Structures are given as structure tokens and as C-alpha cells.
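Hello,

Here is the structure I said I would pass on. My notes follow below it.

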Amino acid sequence: QLQLMESGGGSVQAGGSLRLSCAVSGDTSYSAYMGWLRQAPGKEREGVAALFIGGGRTHYADSVKGRFTLSRDNAKNMMYLQMNNLQAEDTAMYYCAAASGRTGYGGNWQGALESGYWGQGTQVTVSS
């Protein structure tokens, strides 16, 4: 079982940047994907970005493409989400997440993260 702990959230003005960090404990070799989810007040949870562990490909939600970058430091057991040009609609609780299995997701990285392991979340607030 994985344990995930986020940090780095905060409040910024529109156009600003934040970098979220996720400390990962446990064996990630059984996870097909690792990445980030977010949930804004009154909205459904959505996948933000994910790394396919087997092939190294990174996936992004259309709403964050070109602005957010997911990266991973295996040596430090850390994962990051660099968020640039933040907008008010990016305001949400952000969760580090990992799939609980290695196969069977059919490329559905959002579903893989939602059904897997999460951290407790870190709040990102963007003011316009």
C-alpha cells in the first residue's frame, strides 16, 4: 500500500506559479499511473496529470496543457506538479494519487487515479 503526502499549496494571484510536491512511501512498481487530481468546491473531482509508470508517457487534462508540468524524482521518492500561469478556475484541493494496480485501465488514467491511493490534499487558491 502506498502513502502519499502533498505540500506546496497556497494562495497566488492569477498569472502566478506554484509547485506542488508529493512524498511517496511504498512500492510504486504496482501502480500503472501516478499523478494529480483536483476538486473545486461544488464540482466533481478531475484528473489533472498522470505519468504512465511503464512507459514514461505523461498525460494532461486539456484545461492545464501547456501550463502544468508533472515530474518525478525516483531517487527522492518525490513527485511534483509545476503550475504556471495559474487562473481562478485552477482553485481547488489538489491530491497526489497513484493507481492501485498495474494493468486493466485501458488508458483511462483519470479513472486509475480516482480508484487508487490518494494523499490528504493541499489547497490551491488563485485570485483574479
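What radius of gyration would a compact globule with 128 residues have, and what does the protein chain have? The globule would be near 14 Å and the protein chain has 14 Å, so the two agree; the radius is taken over C-alpha atoms, and the globule rule is 2.2 Å times the number of residues to the power 0.38.

This is a predicted model, in which local features need pLDDT of at least 70 and side-chain atom pairs count only at pLDDT 80 or more, while totals for chains, interfaces and linings use all residues. Residues are numbered from 1 along each chain as its sequence is written, and side-chain values use heavy atoms, with hydrogens and water left out.

Overall, the C-alpha trace spans about 40 × 30 × 25 Å along its principal axes. Of the 128 residues, 42% count as buried (under 20% relative accessible area, 1.4 Å probe, protein chains only).

The protein chain holds one helix and eleven strands (DSSP runs: H or I of at least four residues for helices, E of at least two for strands, numbered from the N terminus). The order from the N terminus is β-β-β-β-β-β-β-β-β-α-β-β.

Four strands form an open sheet, ordered β1-β3-β8-β7 with antiparallel pairing (strands pair if DSSP finds at least two bridges between them). β1 (3-7) and β7 (68-73) are at the edges with a single partner strand each, so one side of each has no neighbour in the sheet. Between β1 and β3 (residues 18-25) there are five bridges, in the antiparallel sense. Opposite S7 stands S21 in β3.

Regards

Notes
Buried < 20%, exposed > 50% of the residue type's maximum accessible area, 1.4 Å probe, protein only.
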